[in-house]
Amino acid sequence: MRPTTAVPSPDQQPVTLELLAEKKRRGVPIVMVTAYDFPSAQMIEDSGVIDLVLAGDTGAEMVLGYDSTTPVSLDEMLVMTAAVRRGLHTPLLIGDLPFGSYESSDEQAVRTAHRLVKQGGADVVKLERAGASLSRVRAIVRAGIPVMGHLGLTPQTETALGGRRVQGRSAAKAGQLLADARALVDAGCFAIVFEAVPAVVATAVSARLPVPTIGIGAGAGTDGQVLVWHDLLGLYEWRPRFAKAYATLRPDISQALSSYASEVRSRSFPAPEHFYNIDANELREFFAELDE
Ligand code: KIV
């Protein structure tokens with residue numbers, strides 16, 4: 001039988017917000033990864049080494065084939081988040097508010113966050129930017145759902161940022177990043193992602209914040225790191241400069257497909273160990289009927 005839900009390991013306690021805050025205090029790096037489906041969530045659970053899992057809107061690009069994160073709908077995010085939830089028990093699961101699902105009003109933001117928690121099974125949610133998002137953070141936190149912020153390169157508004165480019169490269173922009181991060185903390189964020197920010201800026205900002213920071217393309221001075229599942233495993237040929245592939249699975253998969261196709265064509269797959277059998281008497285009777 002294929003296992004259908006995550007089975008908690010007796011020695012693995014679910015990751016809590018207190019544990020993350022404690023890791024920041026003690027300088028213990030926090031490990032986060034994205035996931036978009038059940039098997040990857042199961043592998044993460046089985047690894048026993050991941051603190052945070054983001055069912056991120058990068059799923060739009062990584063698994064749904066959109067050319068950016070903006071087209072993904074809340075319903076699509078809910079399907080991916082719920083699939084991750086079914087494979088995950090120990091790491092904290094972060095649901096990602098997609099573009100267009102929280103900007104209009106605080107009420108819209110709370111409704112979306114509730115759906116990600118109730119239907120998607122997320123423990124907490126993440127949204128992008130400061131500015132108008134500050135009021136959304138306050139409203140969602142007031143509604144009882146912890147919120148992670150996301151600053152620097154915020155892909156949902158990459159067009160307004162002039163494309164996917166490094167943020168916080170001038171003194172003024174770096175200062176604004178710190179101000180935005182402080183505002184998100186004041187609004188109630190329990191942690192903040194910094195994406196594509198100069199390492200020294202992210203380190204300096206991180207050291208001045210009371211909550212954990214998670215970096216992606218933000219150097220080694222944040223309190224933790226996040227990588228996109230497909231980048232980490234080398235499932236695409238291209239990945240951003242800041243991402244490291246710890247495996248190169250795309251050529252392995254390509255090789256597996258070639259081997260399968262060639263064994264089907266040479267009739268060496270399936271082999272007897274893959275066959276189902278029938279009782280010899282039943283078979284005799286079957287053939288006798290065929291010959292009648
Ligand atoms: O959606 C996502 O995967 C993200 C990470 C890049 C932090 O927001």
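Me: How far is an oxygen atom of the ligand from an N or O atom in the side chain of Lys 126?

Reply: This is a predicted model, in which local features need pLDDT of at least 70 and side-chain atom pairs count only at pLDDT 80 or more, while totals for chains, interfaces and linings use all residues. Residues are numbered from 1 along each chain as its sequence is written, and side-chain values use heavy atoms, with hydrogens and water left out. A polar contact to the ligand is a pair of N or O atoms within 3.5 Å, and for Lys 126 the distance to a ligand oxygen is 3.0 Å.

Me: How much of the accessible area of the ligand does the protein cover?

Reply: With areas taken by the Shrake-Rupley method and a 1.4 Å probe, the ligand has 260 Å² on its own, of which the protein covers 97%.

Me: Which residues are around the ligand, and how many are nonpolar, polar and charged?

Reply: A residue counts as near if one of its heavy atoms lies within 4 Å, and those around the ligand include Leu 54, Gly 56, His 150 and Glu 195. The shell has 3 nonpolar, 4 polar and 4 charged residues, where Gly is placed among the polar ones.

Me: Which peptide bond is cis?

Reply: The bond from Phe 269 to Pro 270 is cis, with omega near 0°.

Terms used:
A polar contact is a pair of N or O atoms within 3.5 Å; within protein, one must be able to donate a hydrogen and the other to accept it, and residues adjacent in sequence count only if both atoms are side-chain atoms.
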